[in-house]
Amino acid sequence: MRGEERINVCQAVMHGSSRIVEHVRSHLKGRVLRCDDQGFEVEVGTRHERWSFDEVEAR
């Protein structure tokens with residue numbers, strides 16, 4: 001995910017909006033819960049996973 005797109009997703013999530021991302025290899029989709037310098041914490045079904053920025057695309 002590009003820098004500007006990543007910033008937009010993180011800002012939206014911090015302000016309470018829901019954002020969905022897709023893992024580029026597994027094609028799983030999940031809701032972003034949190035962002036930090038390393039990537040996203042994503043809710044996928046009933047699990048929480050850590051995905052790095054280069055592993056995802058916004059949906």
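## Around Phe53

The charged end of Arg6 sits over the ring of Phe53, 4.4 Å from the ring centre; that label needs NZ of Lys or CZ of Arg within 6 Å of the ring centre and within 35 degrees of the ring normal. Keep in mind that this is a predicted model, where local features need pLDDT of at least 70, side-chain atom pairs count only at pLDDT 80 or more, and totals for chains, interfaces and linings use all residues. Residues are numbered from 1 along each chain as its sequence is written, and side-chain values use heavy atoms, leaving out hydrogens and water.

## The aromatic pair

There is one aromatic pair here, counting rings of Phe, Tyr and Trp (its six-membered ring) with centres within 6.5 Å. Phe40 and Phe53 have ring centres 5.0 Å apart and planes at 90°, so they meet edge-to-face (over 60 degrees; under 30 is stacked, the rest tilted).

Phe40 is in strand E3 (residues 39-44), while Phe53 is in the loop between strand E4 (47-52) and strand E5 (56-58), so the pair ties together parts 13 residues apart in sequence. Helices (H or I, at least four residues) and strands (E, at least two) are DSSP runs, numbered from the N terminus. Phe40 is buried at 0% relative accessibility, and Phe53 is buried at 10%. Buried means under 20% relative accessible area, exposed over 50%, and partly exposed in between (1.4 Å probe, protein chains only).

## The disulfide

The structure has one disulfide, meaning cysteine sulfur atoms within 2.5 Å. Cys10 and Cys35 make it, with their sulfurs 2.4 Å apart. The pair links distant parts of the chain, 25 residues apart: Cys10 is in helix H1 (residues 3-14) and Cys35 in strand E2 (residues 29-35).

Cys10 is buried at 12% relative accessible area, whereas Cys35 is partly exposed at 27%.
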